[in-house]
Amino acid sequence: MENLLNALPEVFTWLNMLVLLTASMGGLFFGAMPGLSPTMAVALLVPFTFYLPPTTSLIMLGAVYTSAVAGGCLSAILLSIPGAPASIATLLDGPAMAKNGRAEEALYTAFISSFVGGLFGVAVLIFFAPPLAEFAMRFGPSELFWTAIFGITVITGLSSGGMFKGLFAGALGMMLSTVGYSQISGEPRFVFHPDLASGIALVPALIGFFAVPQIIDLMRDAHMKLVKLEVKSQSGVLAKSFRQHLHMKKTLSLGSIIGTLIGIIPGAGGQIAGLMVYDQVKKMDKNPGRFGTGDPEGVCASESANNATVGPALVPLLTLGIPGSPTAAVLLGGLLIHGLFPGPDLFTKHADVTYTFLIGLFLAQFFMLLVGILASKYSHYVANVPNHIMFAAVAILCVFGSYCVSNNFADVLIMFSLGMIMLFLGKLSFPSAPLVLGLILGPIAEELPPRQHDRQYRRRPLQLLLYGLPEHRPHHPLHPQPHLGHCRRNQVQPHQTRRRMLRSSPWSS
Amino acid sequence: MVFIRKELLSAVTMTATTLFFMLGAREIEGEAAILPQILIWVMIGINVFQYALAIFRWQNDYDVFCLLLRYPFRLVGVQFLISIAYVLCLLPLGFYLSSFLYLLLGSLAANPDPLTPRIIAIRTAGSFAFVFALWALFSYGLGVVIPSFSLF
């Protein structure tokens with residue numbers, strides 16, 4: 001609590017408020033546009049964090065995340081297309097309300113419910129993350145590493161493409177992280193082109209994996225003309241929506257609680273929460289027949305649940321380094337860029353940054369509500385940018401975002417190349433989140449702690465089990481064979497230093 | 001007509017990827033080779049299971065070519081070629097000029113309605129405004145050194 005109070009003045013700066021407002025607007029726009037996902041929104045904004053203080057950067061990413069999830073309701077209600085996957089359940093009642101001339105009411109209901117669910121989720125994050133982080137303080141570097149590996153397996157197990165594809169994607173991500181000069185011995189690995197000598201930087205990879213396949217999808221739908229329902233603004237609808245929510249306490253509570261619980265589970269997302277809560281509310285209702293015909297309670301159930309997952313998805317990320325969702329995986333990249341390593345240190349050494357971020361995320365819910373209500377009145381502008389303009393605009397943002405990280409054109413080429421690979425893999429249902437996690441975890445796997453804590457490491461049962469795999473190798477990492485040229489190869493090239501900083505190990509310090 | 005099942009194609013892709021890295025890993029020695037080699041074994045193991053899955057799901061799996069037949073290749077192809085041209089022009093023309101041309105030409109080429117002078121004028125103005133916003137953000141606001149065409 002003391003840390004929270006100390007962080008309060010840090011949040012209320014003009015810069016943070018401006019960032020909260022613009023990020024909420026941007027997030028809402030990305031969420032509202034079919035084809036632009038919250039993950040992509042966060043990935044595109046990661047390069048900007050280089051130019052902002054760590055606290056402000058994280059607040060920006062958090063605000064975009066929460067608004068993009070909520071913004072998905074705009075296109076779900078007006079276009080019958082979920083702007084974000086989390087809004088799938090909103091399709092059941094939202095468009096029906098819009099067709100009945102109640103589009104404005106449906107939008108207000110969605111944003112108010114998102115606000116309530118989001119507030120609850122962030123409150124859980126604020127109050128549950130520090131004790132969990134305290135528990136995680138008992139973990140040594142190796143436990144944290146294997147926890148993160150466990151995170152990969154959980155996420156891949158629950159990913160839509162199937163377990164084998166998810167696991168393969170995780171392994172492929174780790175393999176991609178080995179491209180370039182080895183951090184241990186300085187040897188070149190998989191350097192097929194000089195531009196790959198310094199490895200694959202995280203930000204171009206994030207943008208490539210998450211944004212490029214969506215650009216191609218936007219190209220595919222470029223000729224599509226969406227039939228959109230106009231919102232007729234009426235007086236008193238907002239007040240009516242607020243009053244209605246007083247009678248939907250049960251649905252709001254159920255949505256917030258179940259959404260929070262699902263959000264904490266790595267791999268489960270807002271879409272599962274939304275559908276599950278909708279189903280439960282429908283089953284528990286005395287008149288279930290009204291659901292699906294344009295009932296505000298259906299919208300309330302879906303939206304309160306999907307936004308309640310946002311905060312809790314960060315609990316395993318901030319405390320154990322396990323991203324609860326693909327967007328959280330991208331956020332992990334944002335944290336690492338600023339040298340903030342998930343785990344107990346976030347709540348002790350970097351408490352000022354972490355608690356300011358948490359309060360910022362709490363405030364982001366208010367900004368989301370405010371911007372959402374305003375956007376509801378002008379939603380015909382918000383969700384109406386055609387795909388034939390959007391694909392080019394997003395591609396340009398990808399190019400600038402990739403380039404500005406280290407002013408290197410090779411990053412742009414790497415971003416596009418990885419994007420094309422991900423497009424192909426995506427068509428075969430390989431998920432992108434494990435790829436990113438593998439890319440982040442690869443350097444950590446190389447710096448496994450046994451060199452320094454050999455005896456202690458061997459005593460732990462879990463590590464002992466996993467240790468057995470490389471034990472039979474002739475050149476075992478615990479007993480490295482000295483070889484000529486080792487020192488020379490270890491010299492870091494000047495152009496590699498920044499990339500190495502980005503790829504430094506969260507648990508090596 | 002060749003039929004390729006999705007799960008089988010996934011398994012073949014896994015094999016090709018693993019082989020690609022196996023060939024690359026031959027030149028790596030010592031400590032630097034440990035992680036790649038472990039990963040290659042992991043990938044081989046997963047690949048075996050994927051082949052088993054492909055056989056198990058053979059009846060329920062769908063044909064990739066049937067899906068590709070419905071894909072708007074011409075539409076995507078034209079825009080993809082414009083995108084390639086954009087990337088190739090980035091350094092010679094500068095980021096801002098090539099982005100302006102890409103946004104303008106890309107959006108006009110993909111426009112679902114017949115082009116009129118009004119649409120072209122609006123799109124030109126919109127593209128210019130977008131590129132100006134990029135300049136204001138990156139070059140003026142963030143101070144990033146963006147390669148630019150000398151006349152622009």
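I take a disulfide to be a pair of cysteine sulfur atoms within 2.5 Å. The model I consulted is predicted, so that local features need pLDDT of at least 70 and side-chain atom pairs count only at pLDDT 80 or more, while totals for chains, interfaces and linings use all residues. I note that residues are numbered from 1 along each chain as its sequence is written, that chains are lettered from A and ligands numbered from 1 in the order in which they are written, and that side-chain values use heavy atoms, with hydrogens and water left out.

A:C73 is in no disulfide, and the nearest cysteine sulfur, that of A:C300, lies 12 Å away. I then looked up the accessibility of A:C73, whose relative accessible area is 0%. A:C73 is therefore buried (buried means under 20% relative accessible area, exposed over 50%, and partly exposed in between, with a 1.4 Å probe and protein chains only). B:C89 is likewise in no disulfide, and its nearest cysteine sulfur, that of A:C398, is 18 Å away. At 28% relative accessibility, B:C89 counts as partly exposed.

Entry on a helix pair. I record helices as DSSP runs of H or I of at least four residues and strands as runs of E of at least two, numbered from the N terminus. I examined helix α2 (residues 14-32) and helix α17 (residues 351-377), both of chain A. Their axes come within 9 Å and cross at roughly 55° (axes are lines fitted to C-alpha atoms, for helices over the stretch in contact, and angles run from 0 to 180 degrees between N-to-C directions). The two helices are therefore oblique to each other (under 35 degrees is roughly parallel, over 145 roughly antiparallel, 65 to 115 roughly perpendicular, and the rest oblique).

Which residues of α2(A) meet α17(A)? I list A:M17, A:L20, A:L21, A:S24, A:M25 and A:L28; among their partners in α17(A) are A:L363, A:F367 and A:V371 (contact means heavy atoms within 4.5 Å).

Entry on A:F29. I located A:F29 in helix α2 of chain A. At 27% relative accessibility, A:F29 counts as partly exposed. The C-alpha atoms of A:F29 and A:I421, 392 residues apart along the chain, are separated by 27 Å.

Entry on chain B. I found 6 helices and 0 strands in chain B. Buried residues make up 40% of its 152 residues. Of the contacts in chain B with a separation of 6 or more, 69% join residues 24 or more positions apart.
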